[in-house]
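Student: I would like a close look at one part of this protein, namely its pockets. Please go through what lines them and what lies around them.

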Amino acid sequence: MNEEIPHFEDLGEFKMVPGKPTVEREMALSFVYNPKTDMVLCLKWNSYVWKTFVNGGVDDGEDLETTGRREIQEETGYMNVKFLGEAGKAKSSFYAANKGENRISNATGLVFELVDEEMTATGDEEKEKHLPEWVKVDDVANYVNIDWQLYLWERVFASGLIKRG
């Protein structure tokens with residue numbers, strides 16, 4: 001039986017803006033778990049109030065896992081993660097202020113485990129946008145402030161993909 005995909009529409013500060021272009025995209029939302037510290041990798045955005053998980057759009061020819069790995073490395077520098085599986089799907093509608101357009105995002109939650117701390121340098125553009133932050137698993141629900149991302153975070157535990165302590 002297929003589970004219905006919930007649709008989250010931002011009605012606050014980032015509600016869709018009439019007259020702006022609307023782009024619909026497939027998106028990977030990556031949950032990177034460090035079993036050694038019981039922490040999850042998040043992003044604190046510099047110019048916006050957003051506190052999110054690593055995320056990004058699927059490029060032509062990419063599958064979701066490839067997108068997740070690419071975004072993790074581009075946005076945080078972490079290179080070695082193990083893909084554990086998909087945790088669920090959500091749809092969201094919002095104004096992407098960082099892109100100057102309305103977005104309809106068809107997101108899939110992807111769960112990764114950090115293999116080691118090996119990193120590559122992130123570009124200046126990424127550093128200007130956001131900073132990576134490790135957040136304790138028990139604090140994530142109070143840290144991340146995007147409702148559809150929190151919905152998928154709950155699905156991570158329903159999926160059983162993360163094995164704690």
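Tutor: What follows goes through the pockets, then the nonpolar core, and then the aromatic pairs.

The model is predicted, so local features need pLDDT of at least 70 and side-chain atom pairs count only at pLDDT 80 or more, while totals for chains, interfaces and linings use all residues. Residues are numbered from 1 along each chain as its sequence is written, and side-chain values use heavy atoms, with hydrogens and water left out.

A pocket here is found on a 1 Å grid over the protein atoms alone: it is an open set of points where a 1.4 Å probe fits, with protein on both sides within 12 Å along at least five of seven lines, and lining residues have an atom within 4 Å of a point. Points are joined across faces, edges and corners, and a volume is the space filled by probe spheres set on them. Helices (H or I, at least four residues) and strands (E, at least two) are DSSP runs, numbered from the N terminus.

The largest pocket has a volume of about 680 Å³. Its lining has 35 residues, and Met27, Trp50, Asn55, Phe94 and Asn98 lie nearest its centre. Among the elements that give two or more residues to this lining are β1 (7–9), β2 (22–34), α1 (64–76) and α4 (147–159). The largest share, 5 residues, comes from β5. Sorted by class, the lining has 11 nonpolar, 10 polar and 14 charged residues. In this sorting, Ala, Val, Leu, Ile, Met, Phe, Trp, Tyr, Cys and Pro are nonpolar, Asp, Glu, Lys and Arg are charged, and the others, Gly among them, are polar.

The second largest pocket has a volume of about 150 Å³. Residues that line it include Glu3, Glu86, Lys89, Tyr151 and Arg155. Here too β5 gives the largest share of the lining, 4 residues. By class this lining has 4 nonpolar, 1 polar and 5 charged residues. Glu3 lies in the segment before β1. At 51% relative accessibility, Glu3 is exposed (over 50%; buried is under 20%, and partly exposed is in between, with a 1.4 Å probe and protein chains only). Leaving aside neighbours within four places in sequence, Glu3 is in contact (heavy atoms within 4.5 Å) with Tyr151 and Arg155.

Next comes the core. A nonpolar core is a set of buried Ala, Val, Leu, Ile, Met, Phe, Trp, Tyr and Cys residues joined through side-chain atoms within 4.5 Å. The largest one has 39 residues, of which Phe31, Phe53, Trp148, Leu152 and Trp153 touch the most other members. Not counting residues up to four places away in sequence, Trp148 touches Phe8, Met27, Leu29, Ala90, Ser92, Ser105 and Ala107.

Rings of Phe, Tyr and Trp (its six-membered ring) pair if their centres lie within 6.5 Å; planes under 30 degrees apart are stacked, over 60 edge-to-face and the rest tilted. Trp45 and Trp50 are edge-to-face, because their ring centres are 5.1 Å apart and their planes are at 80 degrees. Trp45 is buried, with a relative accessible area of 10%, and Trp50 is buried at 10% relative accessibility. Phe14, Trp45, Tyr48 and Trp50 form one aromatic cluster.
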